[in-house]
Amino acid sequence: MILESALLDVLPGREDEFLAAFAEARPLIAVQRGFRSLELRRCLDEGRGSRFLLQVEWETLADHTEGFRGSAEYQRWRELLHRFYRPFPEVEHYGEPLLSA
């Protein structure tokens with residue numbers, strides 16, 4: 001399992017619009033080969049209410065980087081969501097947990 005992680009800095013004042021667009025975009029990723037789950041969390045720290053943490057579980061790295069990013073659904077995902085980010089998020093991928101508690 002691969003964990004994709006991205007900090008999404010949404011333009012202040014557009015958070016509700018972003019969340020509505022994300023609700024529309026979610027099914028586009030959920031149908032992809034290798035998709036396992038998705039979590040979107042809002043930052044609770046003072047002054048950071050425009051920051052969101054996106055974590056997506058994939059079966060393999062290629063399911064995300066080649067499969068989803070190469071799909072027609074990704075083009076629609078970009079149209080719906082990429083206009084909200086400033087700066088554009090850095091996406092990272094992590095392997096299996098090394099420690100758990």
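Which residues touch the most other members of the largest nonpolar core? The legends below take up this point in turn.

**View 1. Elements of the protein chain in a predicted model.** Three helices and four strands make up the chain's elements. Helices (H or I, at least four residues) and strands (E, at least two) are DSSP runs, numbered from the N terminus. Their order from the N terminus is β-α-β-β-α-α-β. The radius of gyration (over C-alpha atoms) is 14 Å, close to the 13 Å that the globule rule gives for 101 residues, so the protein chain is as compact as a globular protein of that length. That rule is 2.2 Å times the number of residues to the power 0.38.

**View 2. The largest nonpolar core.** Such a core is a set of buried Ala, Val, Leu, Ile, Met, Phe, Trp, Tyr and Cys residues joined through side-chain atoms within 4.5 Å. Buried means under 20% relative accessible area (1.4 Å probe, protein chains only). The core has 22 residues; L8, F18, I29, W58, W77, L81 and Y85 touch the most other members. β1 (2-9), α1 (15-30), β3 (51-58) and α3 (72-81) each supply at least two core residues. α1 gives the most, with six.

**View 3. Surroundings of L8.** Leaving out residues up to four places away in sequence, L8 touches F18, L40, S50, R51, F52, L54, Y85 and P89. Contact means heavy atoms within 4.5 Å.

**Notes.** Residues are numbered from 1 along each chain as its sequence is written. In this predicted model, local features need pLDDT of at least 70, side-chain atom pairs count only at pLDDT 80 or more, and totals for chains, interfaces and linings use all residues, while side-chain values use heavy atoms, with hydrogens and water left out.

Terms used:
Buried < 20%, exposed > 50% of the residue type's maximum accessible area, 1.4 Å probe, protein only.
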